[in-house]
Amino acid sequence: MNTTTDFLPLNGTDYVEFYVGNAKQAAYYYQTAFGFQPLAYAGLETGLKDRTSYVLAQGKIRFVFTSSLVADSPVAQHAMKHGDGIKVVALWVDDARKSWEETTKRGAKSYFEPKTDKDENGEVVTSGIHTYGDTVHVFVERSRYNGPFLPGFTAWNPEYRTPETGLKYVDHMVGNVGWNEMNKWVEFYANVMGFSQLVSFDDKDISTEYTALMSKVMTNGNGRIKFPINEPAEGKKRSQVEEYLDFYGGSGVQHVAMATDDIIATVRDLRSRGIEFLTVPGSYYDTVLNRVGTIDEELLSLKELGILVDRDDEGYLLQIFTRPVEDRPTVFYEIIQRKGAKSFGKGNFKALFEAIELEQIRRGTL
Ligand code: FE2
């Protein structure tokens, strides 16, 4: 898309906010297991009455973990219905008011109208719109702000610190939507947010003997934001997207892909901290080089760690997927290193889905 016609210019992902049962413990998990650094805090001590939020950062990635202090609040209801899950995918913009106006006039349902919040560090303008399920997008305009996160948050400086694991930025975030809803949300991102479709997979691309899904990738004008949208497809058995929808209680964010410059070091570190990854059969590595050609990495290291490889016209990529990071089989992470490739690992889907099916059999949900 030509930038002169981009009615919703986006600078990148601003933050991702999770509504969780216990934000204090979630923050500890992301510090300890993923190497996120403490950044900001809001809660009773800062004047909030009904919620607590911890903000953590690594590279350009900012995660916010929020839990309710009362039984009956939107945060409590979200956590009860969905389990720990992503509520807000916040987008960094130059003009939050215009972002809200341009999207709502094209049909977006308002989450909240543009508002300006101030403290001693300056001011931030935010606005919000709804997307699939109970998920929302918040537009954040922060050019006149120098505080740690947003007005109302105080710097969080606990004694406890962990080394980072090499995570740099959010590469893409995938949404799972209900049966026959993929095209509706593809059109939402096209018409309401000015995104275009990057690649399309149909159910022949992404199916195993038992299960299937369909996926389309939507991207904004400058390519910094990529949102693949999945829906379940008919198979002999229950697909992983259907399992997600059942346990999440509807549509929501399925996984966040975080980029690293050294996936072997990052995954080795994450494994040593207790992060569990999906593993494909060892036979995957017998034939992978026939498919992807020469790569810089030692095949033995990739096999030892379970890292997958795929190639497209522009280069190759290395990727691996965690198991769900909460008790419900819902949200998980992808760790990705791009070496030219701009795609999403289509060549790995079959091997991966067979690995996921093995886990589903263990959960009794296939
Ligand atoms: Fe992905």
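**Sheet and core organisation in the predicted model**

Strands β6 and β7 (residues 122-130) are paired in the antiparallel sense through seven bridges, and within this pairing S110 is placed opposite I129 of β7. The structure described here is a predicted model. The two strands belong to an open sheet of nine strands with mixed pairing, in which the order runs β6-β7-β8-β5-β1-β4-β3-β2-β9. Because β6 (110-119) and β9 (154-155) each have a single partner strand, they form the edges of the sheet, and one side of each is left without a neighbour there.

The largest nonpolar core comprises 86 residues, of which F34, F63, M193 and M258 touch the most other members. Helix α1 (residues 23-34) supplies the largest share of this core, with six residues. Since domain 1 (3-155) and domain 2 (167-363) both contribute residues, the core lies between the two domains. Apart from this core lies another, made up of 15 residues that include Y15, V64, V88 and A90. In soluble globular proteins, nonpolar side chains tend to be buried together.

The surroundings of M193 can be described residue by residue. When residues up to four places away in sequence are not counted, M193 touches F7, L8, L91, T103, I129, H137, F139 and F188. One of these contacts, I129, is also the residue of β7 that stands opposite S110.

Notes. Residues numbered from 1 in each chain as written. Predicted model: local features only at pLDDT ≥ 70, side-chain atom pairs only at ≥ 80, totals over all residues. Heavy atoms only, no water. Core = buried A, V, L, I, M, F, W, Y, C linked by side-chain atoms within 4.5 Å. Buried < 20%, exposed > 50% of the residue type's maximum accessible area, 1.4 Å probe, protein only. Helix = DSSP H or I, 4+ residues; strand = E, 2+ residues; numbered from the N terminus. Domains from an automatic or database assignment. Contact = heavy atoms within 4.5 Å. Pairing = 2+ DSSP bridges.
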